[in-house]
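Welcome, and take a moment to look over the model before reading on. We will start with one residue and then widen the view.

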Amino acid sequence: MKVAIIGLGVAGSGILKELINHQSTERITKIDIYEPNEKLGHGFPYQSDHKDVQMNSYAQDLSLHTSKQDDFLDWLQENYPERNFCASDFVSRSIFGQYLVDRLKPFLSDERINHFQTKAIDMMPLNREHNAAWNELDKPLQYVIQDEQDKWSDAYDAVFFAFGHAPYADHYQLSGHKNYIHDPYPIEKKLGQIDDTKRIGIIGSGLTGLDTMYFLLKNYKWVHPVTFYIRQHPFTTVKSKRYEGNIQLTISEKWLADQKKTYNGQIPLKVIKKQLFSDLKANSVNWIRLIDLYGKGSVFQVEKSLKENDPELARLQRYLGQLTPLLPELNMALNPLERKAFWEKEKKTFEHFRSQMPENRIQFILDKMEQGQARIIKGLDSITSNQDSFKIVTDKMEMYPADVLINAAGFEKKLVSAGNQDDLIKNLYKREIIIQDGIEDIQVSWPSCQVLSKRFGQMDRVYLLGNWIFQTQFGNNNAKLNNKQGQASAKHFMDSL
Ligand SMILES: Cc1cc2nc3c(=O)[nH]c(=O)nc-3n(C[C@H](O)[C@H](O)[C@H](O)COP(=O)(O)OP(=O)(O)OC[C@H]3O[C@@H](n4cnc5c(N)ncnc54)[C@H](O)[C@@H]3O)c2cc1C
């Protein structure tokens with residue numbers, strides 16, 4: 001069996017480890033890895049960058065070893081003894097990247113592995129006669145991959161797509177403007193040489209916006225305030241000090257299995273909600289109160305949360321942290337109508353509390369706002385540009401000039417628009433290998449994550465992972481879940497041999 005892995009970051013590492021560790025590993029004769037980075041394992045978020053680009057999770061929550069909870073802390077102690085990192089530190093993302101690279105190294109000596117340092121840009125299914133397969137009846141049996149140099153590969157029996165997140169969205173069609181930074185990473189390279197007399201705008205104040213603002217404020221003294229331009233409410237919730245007491249979580253894999261048995265495979269939303277609210281009550285968490293106090297993410301609410309260090313919020317965050325590994329199963333246990341209702345009505349608030357800003361970073365930004373080094377302009381409506389600069393207009397028709405605009409406005413997850421920035425997405429879409437899941441994302445089966453194609457049906461040996469399947473593997477904006485799913489999908493393939 002010849003296997004291709006497209007993208008070797010966090011999910012790709014999980015795939016590779018399982019292919020090598022599985023009891024049937026001798027059935028695999030070749031593993032070709034397509035990954036443009038020289039080093040394997042760190043992926044996009046954990047590439048080498050400035051030390052101020054930090055993880056959003058505590059060091060103690062970052063072990064990728066299934067049975068050694070302190071694996072990352074042990075690695076830190078071994079590799080950075082002088083830094084005395086502790087469990088509740090937010091280490092830099094490059095350091096976590098080094099950990100990922102290090103832990104993958106032993107697997108890379110396997111002689112079946114070839115690393116092609118290039119991107120894949122297309123995949124063609126082949127039929128029994130080794131011609132292009134056109135549809136499900138013309139059963140695709142093998143696959144060939146085209147790389148950036150337009151070279152087609154030999155045939156593979158299985159392909160794992162693990163190419164990470166969608167490209168950044170370009171909501172205001174600014175790409176190509178010389179003073180527009182569409183993708184701010186790596187931050188040191190893209191933002192390390194900016195003229196501090198310029199008027200800088202950041203579009204969006206989510207976690208990418210915070211990374212960007214924090215770096216700019218820590219490393220420059222600005223003549224004009226660096227400005228977040230946003231539509232409505234600026235922030236998510238502040239990550240409280242980790243709650244160390246006991247948390248009641250009655251939802252578990254067993255609970256899910258029992259409920260599925262009771263309700264013929266799909267668990268009613270009201271049953272899940274009842275269980276969640278009963279857990280929250282047992283943990284003395286009043287969800288409605290927390291939404292009232294912190295649900296908007298306004299500067300006032302964030303300041304209040306920083307000042308009061310609310311233990312109830314800390315307990316909720318710990319509960320959500322423990323619940324996260326179960327979110328994909330909970331999501332897929334709902335029937336599609338209830339899932340849609342949850343996604344339309346409640347997901348935003350749920351994610352507002354799950355997505356958390358490290359205290360030190362947001363406090364630093366608020367302090368700088370008070371000193372006039374930063375500000376927030378709400379009601380962003382449109383952006384126009386001339387040769388050198390930009391004009392930002394709000395819904396109250398106020399106008400602001402900017403010399404440099406940095407994009408932090410989220411990902412483009414609509415396949416047609418994303419295809420304008422990513423050849424692989426464009427070509428897989430053109431071949432009707434991938435189809436959109438509702439209004440965004442890519443359709444895959446659950447729990448194996450095989451591609452569901454319009455033309456070929458369920459593609460038994462083509463898997464797709466990462467942020468593009470967020471609507472299926474809900475909650476996977478998280479290193480652990482992506483790594484775990486990589487292992488699970490590879491196991492599914494290996495078990496089928
Ligand atoms: C900016 C940012 C910060 C984040 N911070 C955190 C955090 O602090 N904590 C956390 O738990 N999660 C964080 N995440 C979530 C993150 O998505 C996951 O932790 C994890 O990295 C996703 O794993 P992945 O394998 O899907 O993607 P990645 O790890 O990014 O791997 C994808 C790989 O595919 C390669 N690739 C892309 N296109 C192609 C192609 N066409 N051909 C071949 N190779 C290709 C890329 O070079 C990359 O190496 C962050 C995400 C982002 C975008």
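Phe 470 is buried, because 21 other C-beta atoms lie within 10 Å; a residue counts as buried with 20 or more other C-beta atoms within 10 Å of its own, as exposed with 12 or fewer, and as partly exposed in between, the C-beta atoms being placed from the backbone. This is a predicted model, in which local features need pLDDT of at least 70 and side-chain atom pairs count only at pLDDT 80 or more, while totals for chains, interfaces and linings use all residues. Residues are numbered from 1 along each chain as its sequence is written.

Helices (H or I, at least four residues) and strands (E, at least two) are DSSP runs, numbered from the N terminus. Setting aside neighbours within four places in sequence, Phe 470 is in contact with Asp 441 and Asn 476; contact here means that the C-beta atoms, placed from the backbone, lie within 7 Å. Ile 434 is 36 residues from Phe 470 in sequence and 15 Å from it in space, C-alpha to C-alpha.

| Feature of the protein chain | Value |
|---|---|
| Secondary structure | 17 helices and 20 strands |
| Span of the C-alpha trace along its principal axes | about 70 × 60 × 50 Å |
| Buried residues | 38% of the 497 residues |
| Share of contacts with a separation of 6 or more that join residues 24 or more positions apart | 73% |

The radius of gyration of the protein chain is 23 Å, which agrees with a compact globule, because one of 497 residues would have a value near 23 Å. That radius is taken over C-alpha atoms, and the globule rule is 2.2 Å times the number of residues to the power 0.38.

Helix H5 (residues 207–219) is largely enclosed by the rest of the structure, because 10 of its 13 residues are buried. Among them are Leu 210, Met 213, Tyr 214 and Phe 215.

Finally, turn to the ligand. Of the 32 residues around the ligand, Gly 7, Gly 9, Gly 43, Gly 164 and Gly 466 come nearest; a residue is near a molecule if its C-beta atom, placed from the backbone, lies within 6 Å of it. Helix H1 (10–21) and H17 each supply at least two residues of this shell, and H1 gives the most, with three.

Conventions:
Two residues are in contact if their C-beta atoms, placed from the backbone, lie within 7 Å.
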